[in-house]
Amino acid sequence: MAVSCLQAAAALGDPGAQVALGHLAVAGLDGPVDRTRAAAAFSQSAAGGSPQGYLAMGLAYARGDGVPAEPYWAYWFCRRAELGGGLSPEEAALASATAAAALPRLQPHERRALDASLNPGGVP
């Protein structure tokens with residue numbers, strides 16, 4: 001019943017429901033574990049402006065969880081989550097630590113391009 005409600009809300013574009021569905025998919029609580037489906041839900045949530053969606057996508061890219069491991073995108077999504085506000089202190093600390101861990105793997109020109117794009121709605 002709860003999954004159906006989340007699916008209905010997600011279909012209407014609710015980014016919070018999309019994040020919740022992604023976490024359910026990662027944990028296998030709505031069927032078999034499906035990290036690719038989770039990443040798709042996180043991506044939709046981030047596209048809807050959810051700071052938790054940005055964070056979830058950043059973590060997915062940092063871990064290679066449902067998407068290829070990619071420090072470039074891990075950094076961007078986590079920094080975007082941080083700068084957008086709306087994260088709990090624990091989420092903000094996780095976003096900061098994940099972005100910091102990705103940073104040494106970026107070229108200076110990549111970091112400059114990413115940092116320049118970190119405005120609300122900006123995508124490198």
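Is the crossing of α5 and α6 left-handed or right-handed? In this predicted model, the crossing of these two helices, α5 and α6, is left-handed. Two packed helices are described by the angle between their axes and by the distance between those axes. Helix α5, residues 71-84, packs against helix α6, residues 89-102, at an angle of about 150°, and the two axes lie 8 Å apart. Because angles over 145 degrees count as roughly antiparallel, α5 is roughly antiparallel to α6. On the α5 side the contact is made by P71, A74, Y75, C78, R79 and E82, and on the α6 side by A92, A95, S96, T98, A99 and A102.

Side chains of opposite charge can pair when their charged atoms come close. R79 and E82 of α5, which both take part in the contact with α6, form a salt bridge with their closest N and O atoms 3.0 Å apart. These two residues are three positions apart in helix α5, about one turn of the helix; R79 is partly exposed at 23% relative accessible area, and E82 is partly exposed at 26%.

A salt bridge also joins D115 to R111, with the closest N and O atoms 2.9 Å apart. Being four residues apart in helix α7, residues 108-117, D115 and R111 are separated by about one helical turn. D115 is partly exposed at 30% relative accessibility, as is R111 at 34%.

Elsewhere, D30 and R37 meet in a salt bridge of 3.0 Å, N to O, and D30, D34 and R37 are linked in a network of salt bridges. The count for the model comes to five salt bridges.

Note on methods:
Residues are numbered from 1 along each chain as its sequence is written. This is a predicted model: local features need pLDDT of at least 70, side-chain atom pairs count only at pLDDT 80 or more; totals for chains, interfaces and linings use all residues. Side-chain values use heavy atoms; hydrogens and water are left out. Axes are lines fitted to C-alpha atoms, for helices over the stretch in contact, and angles run from 0 to 180 degrees between N-to-C directions. Angles under 35 degrees count as roughly parallel, over 145 as roughly antiparallel, 65 to 115 as roughly perpendicular and the rest as oblique. A crossing is left-handed if the near helix is turned anticlockwise from the far one by less than a right angle, and right-handed if clockwise. Contact means heavy atoms within 4.5 Å. A salt bridge is a side-chain nitrogen of Lys or Arg within 4 Å of a carboxyl oxygen of Asp or Glu. Buried means under 20% relative accessible area, exposed over 50%, partly exposed in between (1.4 Å probe, protein chains only).
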